[in-house]
Amino acid sequence: MKTHVNLQAYNSFGFPVEAKYFVEINDAKELDRLFRMPEYKNEKHLVLSGGNNILFTKPVFDGMVIWMNNKGIKTVADEGNQVIVRVQAGEDWPEFVKKMVEKGLYGVENLAHIPGKVGAAPVQNIGAYGMELKDSFLKCEAVNLENGRKRTFDNKECVFGYRSSIFKTMLKGQYLITSVDFRLSKQAELKLDYGNIRAYLDAHGMADPTLQQLHDAICAIRDAKLPDPKVLGNAGSFFKNPVIKAEQFETLRQQYPEIPHYDEPDSKVKVPAGWLIEQAGWKGWHDEHVGVYDKQALVLVHHGGGRGEDIVYLSKRIQDSVEEKFGIKISPEVNFV
Ligand code: EPU
């Protein structure tokens, strides 16, 4: 265990936050010892994996950070067309996806290049390009942070929703995920229908792509729109895309006929927050330390020298101006700590 650790390299915004205690876990077995430590019992905890979806709002985290760095990917079942792969929580997500693609396993390829670690992926049910983690998630192993008891959560028990799960709602802060099992397929079933995937593939002469080509195309599409956190601090999409009632959408469409949208069940419509934020005039806005990414208004960025509070303040101003212009409340996808 270390004390007074600078978390700058452990949060993708790159804010220099200090953690009172910091414990690195390299094997889930180490957790039993951790739970018996007096510092563990006396302090509040924060489970940190990649730190890609977190906003530290204060300069000090007055508690214990548990950083998951346990590694291992193994095939636990291989039956017919399906393979079940168990991945330890501390594995890098994009590396895991890359390895599955190299093995010719289908099911996570559209989630290529999403920064983060495997243990955090179920918490917010990561999603991109017409695919979500829940589509291939079989179960996960987790530990109760109160009493150290192990528990398995199957797909249904995780109550997955759009950028949401039970770990972000009912059981928030109560469990630590140690490993995740995925059900992947040996059979080609590519999802090419979302957004500009097909247009990109056609333009690059790959109308009928291989798994590897699709993976590489998704990486290229993401790179063109989303900043690399190693170069420019950010946490991916900062807000969720709001879901509004069809009637409210129709009223908006009269005023803004070009408004992009996706139909949702129960007479609801999802509107891209990035579009709303751009229309409200924020795209590319910045001050000395923080701003709104100039190629994708859904991403808030840290140019250096700033603090979490600067992003909190900016995000509130954006929320207020979107609500004033469109009457729509947008809420953060990123976790505030
Ligand atoms: N748009 C604008 N201006 C902008 C940004 C977007 O007008 O500044 C418009 C685009 O032209 C498009 C629509 O909004 O018509 C949607 O944009 P895009 O396809 O880029 O997707 P998104 O809604 O901005 C979502 C996810 C991303 C995911 C992409 C691709 C959320 C909150 N975000 O973004 O996820 O990669 O779709 O599937 O659902 C993340 O969660 O961190 C993330 C990056």
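This is a predicted model: local features need pLDDT of at least 70, side-chain atom pairs count only at pLDDT 80 or more; totals for chains, interfaces and linings use all residues.
The shell around the ligand holds 25 residues. Tyr129, Tyr162, Glu278, Gln296 and Ala297 come nearest. By class, the shell divides into 12 nonpolar, 6 polar and 7 charged residues. Domain 2 (73-185) and domain 3 (233-336) each contribute at least three residues. Among the secondary-structure elements, β8 (127-128), α5 (211-225) and α7 (273-279) each supply at least two. The largest share, 3 residues, comes from α7.

Glu278, one of the nearest residues, places a side-chain N or O atom 2.6 Å from a ligand nitrogen. Asn241 brings a polar side-chain atom to 2.8 Å from a ligand oxygen. For Arg222, the distance from a polar side-chain atom to a ligand oxygen is 3.3 Å. On its own, the ligand has 820 Å² of accessible area, and the protein covers 82% of this.

Aromatic rings form 20 pairs in the model. One of them joins Phe153 and Tyr175 in an edge-to-face arrangement. The ring centres lie 5.1 Å apart, with 85° between the planes. This pair links distant parts of the chain, as the two residues are 22 residues apart. Phe153 sits in strand β11 (residues 150-154), and Tyr175 sits in strand β12 (residues 175-185). Phe153 counts as buried because its relative accessibility is 0%. Tyr175 also counts as buried, because its value of 16% falls under the 20% cut-off. Elsewhere, ring pairs link Phe13, Phe15, Phe238, Phe239 and Phe336 into a cluster.

How values were computed
Residues are numbered from 1 along each chain as its sequence is written. Side-chain values use heavy atoms; hydrogens and water are left out. A residue is near a molecule or strand if one of its heavy atoms lies within 4 Å of it. A polar contact is a pair of N or O atoms within 3.5 Å; within protein, one must be able to donate a hydrogen and the other to accept it, and residues adjacent in sequence count only if both atoms are side-chain atoms. Accessible areas come from the Shrake-Rupley method with a 1.4 Å probe; for residues, only the protein chains shown count as cover. Helices (H or I, at least four residues) and strands (E, at least two) are DSSP runs, numbered from the N terminus. Ala, Val, Leu, Ile, Met, Phe, Trp, Tyr, Cys and Pro count as nonpolar, Asp, Glu, Lys and Arg as charged, and the others, Gly among them, as polar. Domain bounds come from an automatic or database domain assignment. Rings of Phe, Tyr and Trp (its six-membered ring) pair if their centres lie within 6.5 Å; planes under 30 degrees apart count as stacked, over 60 as edge-to-face and the rest as tilted. Buried means under 20% relative accessible area, exposed over 50%, partly exposed in between (1.4 Å probe, protein chains only).
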